[in-house]
Amino acid sequence: MLARTRPQYAGWGALLLAMSAAVGLAAGIKPSFGVGAAVGATFTLVTISDVTAGLVLFTILSFLDVLNSASGGSASFIKVAGLLLFGSWYSQRLVGTARARASVARIPSNLLFCIVALATWSAISATWAESSGVALTSTMSYVLNMLLFPIVMVAVRRREHLHWVLAAFLIGAVISTAYGFISPVASQGRLEGGIGDANEQAAVLVAAIPMAIALGSAMRRPALRFLAWAGGLFCLIGVFTTLSRGGLIALGCVMVAACAFGGRWRGKAAVLLAVTVVGTVTYYFAIAPLAARDRVTMSTSSGRTDIWHVGWRMVQAHPVTGVGSGNFQEAAVHYVQGIGTLTAANLIVDVPHVAHNIYLELLADLGIPGLLAFLGVVVSCMLAAAKAARRFEAQGDVPMELIARSLVLALVAFMSADFFLSGEFSKQLWLTFALCPAVLALSQTGSTVPEPVLTPGVVHQPQPSY
């Protein structure tokens, strides 16, 4: 036994030595490279050892787009991290564990159909896109995000795993917000955070708030409950500091949705809605600087309406096929003429911007089929979480019921904020998508998927999870 384990230890030792040397070399070239290499080495080791731990760390890192610049910027660190996470899942599948093999089968069929349809249509659009390379890159981004579904289905096998991922989401949101407060980089006094964009930062913070409330309620230890709720309050402060009107609208939508979908918590949701409204008005009209109040209450659209006009012309010209996945910026300049006076033509001609509306951008890029496929993903995930909430309610599992409802509210936050954002590639959005079928699976298995017992020399067939 000892003789057989020595090569294994030697292999791990060689790997650690090589990683240490790589980190040292990167730090010697440029300190920021060393930071990125150190984080990458840590993530690699954690992910190889356990896919659940890798998912938790990936969730936190997804909030820190600043790591991309720290690691050079050209190769997205988060994309590499996602591929490593997928590799960990796939290695388990090759080994033959039943839970890894059954991970895709546990995804609801209607959701799986919409996922495959969206990826396929995006890939096909490269044949007519103005830039096929951009279309294929966009398709790859969709696929990388979609890989989170089988990964999360494997990684979240028990309610404790779900707690860990939600805690990681909240920790990532808090770290991103804290980074925004201490970082000198800001646009017009707005909190950009680790996401690097004030509006996107506001969207993920609003989504984190219902998760924080549910997670805190599920914690048995008062200290952990306090930390979760304090994290939610910190995220709320962050939303105000981003000065994002879209974020505030999303916050309002979440509060109203909580009153409608809150179940036994409707009364508390109504109280929270009233407190949030009073707090928002008090902050912006009694505490915040005049510039912040003017930014939130101004009537201008910051050039969005011009972009939307151009985007709608693209839709009218190609209602079914679209202009090709990810090609909105590439094709927008061809639809400017004849639209009338534009006050922000530079956002279309000189420095082309995204549509700043996820629905319009998907409609312009992928036409009606692409938009319907994406909306199918959204609705299927919401229905999965809502179904899980009803099952947990029937089982008398109050904490898990609240968590399932919080996932629906988090998706409401994303889809409301994305009316003013092009967030179809948001890692946090797709992670929330993937958690919905995972929590549904937990509701069907009594919150635990038993580990398969493997006998040497026996071929084990995957067992159904429910």
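The buried residues of helix α12 are Ala228, Gly231, Gly232, Cys235, Leu236, Gly238, Val239, Phe240, Thr241 and Thr242. Buried here means under 20% relative accessible area, exposed means over 50%, and partly exposed lies in between (1.4 Å probe, protein chains only). The model is predicted: local features need pLDDT of at least 70, side-chain atom pairs count only at pLDDT 80 or more, and totals for chains, interfaces and linings use all residues. Residues are numbered from 1 along each chain as its sequence is written, and side-chain values use heavy atoms, with hydrogens and water left out.

Helix α12 covers residues 222–242, 21 residues in all. Helices are DSSP runs (H or I, at least four residues), numbered from the N terminus. From first C-alpha to last, α12 reaches 30 Å, close to the 30 Å expected at 1.5 Å a residue. That expected span is 1.5 Å times one less than the number of residues. The buried residues of α12 pack against α10 (159–182), α11 (198–218), α13 (245–261) and α14 (266–287).

Just after α12 comes Leu243. Leu243 lies in the loop between α12 and α13. Its phi is positive, about 55°, although Leu243 is not a glycine. Leu243 counts as buried because its relative accessibility is 5%.

Now turn to the surface. Tyr179, Phe181, Ile182, Leu233 and Ile237 form a nonpolar patch there, with about 500 Å² of accessible area together. The elements that give two or more residues to this patch are α10 and α12. Helix α10 supplies the largest share, three residues. Patch residues have over 30% relative accessible area and no salt bridge, and nonpolar side chains (Val, Leu, Ile, Met, Phe, Trp, Tyr) are joined within 5 Å. A salt bridge would be a side-chain nitrogen of Lys or Arg within 4 Å of a carboxyl oxygen of Asp or Glu. Areas come from the Shrake-Rupley method with a 1.4 Å probe.

Phe181 sits in α10. Phe181 is partly exposed because its relative accessible area is 39%. His163 also lies in helix α10, but His163 counts as buried, at 15% relative accessibility. Not counting residues up to four places away in sequence, His163 touches Leu215, Ala218, Met219, Met400 and Ile403. Contact means heavy atoms within 4.5 Å.

The largest nonpolar core has 117 residues. Helix α18 (residues 358–395) gives the most to this core, with 17 residues. Such a core joins buried Ala, Val, Leu, Ile, Met, Phe, Trp, Tyr and Cys residues through side-chain atoms within 4.5 Å. Trp430 is among the residues with the most contacts inside the core. Leaving aside neighbours within four places in sequence, the contacts of Trp430 include Phe149, Phe374 and Phe425.

Definitions and conventions: Patch = residues over 30% accessible without salt bridge, like charges linked within 9 Å, V, L, I, M, F, W, Y side chains within 5 Å.
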